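Colleague: Hi! Could you walk me through this model when you have a minute?

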Amino acid sequence: MKENINTEELMEATQEMRCQLEREQERVTEEAHRIKGQLRSLDATVDLLQEIKRLNEELADVRSQLQEEKERSTRLEMQLNEMGKMTASVAGRASQEEVQKALRVFVNKSKRKKLEKRIAVKEMVLELANANGVVLPEELAASIDSLDDEQLVEQSQSSNSVVTDNLAELLTAKAQVLWQRLRDAGFIVADGYALAEGVSSNQAAYIATAMAERLQIKKKWKLFQQLWGIPNLAQLAGSWQQTGKLPPRSSEIDGLMK
């Protein structure tokens with residue numbers, strides 16, 4: 001009788017243990033499903049965050065493009081407004097002398113404007129001169145070139161004025177290295193700073209632009225026109241900058257300036 005009782009108790013304990021284990025198994029299975037669901041949610045969150053990052057980068061690019069387009073539009077609007085202040089007949093039937101006179105008056109008046117407007121005027125005047133084949137006198141070209149100076153000092157000029165800028169900026173130790181490279185390449189004479197035989201005015205304008213950028217010279221046209229005696233360097237530069245047709249050996253000149 002005692003053995004029967006122990007067997008029954010053991011059977012009951014076994015059944016109870018089995019029930020507990022089955023309940024635990026169900027709980028663990030449910031917990032596994034819950035964790036698996038959370039992992040899927042985390043994966044979806046990571047994908048969403050990556051997509052947000054990509055969209056933010058695209059948005060930043062679009063904003064940058066819009067800002068550039070806005071600045072370009074503002075600049076063009078300034079040019080149109082300034083151009084509208086000039087007499088309509090100037091660019092049409094007027095003679096070279098009349099066009100030069102009108103440009104000179106317009107440029108002198110523009111010296112009192114804010115920097116951004118002076119920059120727009122400079123670009124507009126050079127494009128107008130190039131488009132109509134207007135030859136700019138040396139003093140007018142120099143006056144146009146100085147329009148975008150940060151602090152513009154207005155000076156009275158006459159048609160007989162002579163450029164008296166100090167050439168020291170072209171004779172620094174850093175500049176001498178560039179001059180020697182140009183001599184070795186055959187652009188400049190061996191014993192000085194004059195252009196070598198066969199170097200065109202277009203190439204001279206390109207050399208002046210490259211050197212001025214390398215040496216951070218602002219009033220480059222006055223200096224190089226005084227040095228070489230070539231007028232209208234700014235107009236020559238504006239021509240190949242506008243057409244995109246660079247002077248011969250331009251890439252070689254770029255290499256010498258590095």
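Modeller: Happy to; we can go through the core, the aromatic rings and a surface patch.

Colleague: Great. What kind of model is this?

Modeller: This is a predicted model.

Colleague: Let's begin with the inside. How many residues does the largest nonpolar core have?

Modeller: The largest nonpolar core has 49 residues. Those with the most contacts inside it are Leu136, Trp179, Leu182, Phe187, Met211 and Trp228.

Colleague: And which helices each supply at least two residues of this core?

Modeller: Those are H2 (96–110), H3 (115–131), H4 (138–145), H5 (173–184), H6 (201–215), H7 (220–228), H8 (233–243) and H9 (250–256). The largest share of the core comes from H6, with nine residues.

Colleague: You mentioned Leu136. What does Leu136 touch?

Modeller: Leaving aside residues up to four places away in sequence, Leu136 touches Leu103, Leu126, Ala129, Ala141, Ile144, Asn232 and Gln235.

Colleague: Switching to the rings: how many aromatic pairs are there?

Modeller: The count comes to three. One of them is Trp179 with Tyr193: the ring centres are 5.2 Å apart and the planes sit at 75 degrees, so this pair is edge-to-face.

Colleague: Where in the chain do Trp179 and Tyr193 sit?

Modeller: Trp179 is in helix H5, while Tyr193 is in the loop between H5 and H6. They are 14 residues apart, and the pair links distant parts of the chain.

Colleague: Is Trp179 buried or exposed?

Modeller: Trp179 has 0% relative accessibility, so it counts as buried. Tyr193 is partly exposed, with a relative accessible area of 26%.

Colleague: What about Phe224 and Trp228, how is that pair arranged?

Modeller: Phe224 and Trp228 make a tilted pair, 5.1 Å centre to centre with 45 degrees between the planes. Both lie in helix H7, four residues apart, which is about one turn of the helix. Phe224 and Trp228 are both buried.

Colleague: Which residues form the aromatic cluster?

Modeller: Trp179, Tyr193, Phe224 and Trp228 form one cluster. Trp179 and Trp228 are also among the core residues with the most contacts.

Colleague: Nice. Now the outside: which residues form the nonpolar patch on the surface?

Modeller: That patch is formed by Ile35, Leu39 and Leu42, with about 280 Å² of accessible area together.

Colleague: Where is Leu39, then?

Modeller: Leu39 is in helix H1, which covers residues 2–84.

Definitions and conventions. Residues numbered from 1 in each chain as written. Predicted model: local features only at pLDDT ≥ 70, side-chain atom pairs only at ≥ 80, totals over all residues. Heavy atoms only, no water. Patch = residues over 30% accessible without salt bridge, like charges linked within 9 Å, V, L, I, M, F, W, Y side chains within 5 Å. Areas by Shrake-Rupley, 256 points an atom, 1.4 Å probe, with all protein chains shown as cover. Salt bridge = Lys/Arg side-chain N within 4 Å of Asp/Glu carboxyl O. Core = buried A, V, L, I, M, F, W, Y, C linked by side-chain atoms within 4.5 Å. Buried < 20%, exposed > 50% of the residue type's maximum accessible area, 1.4 Å probe, protein only. Contact = heavy atoms within 4.5 Å. Phe/Tyr/Trp six-rings, centres within 6.5 Å; stacked < 30°, edge-to-face > 60°.
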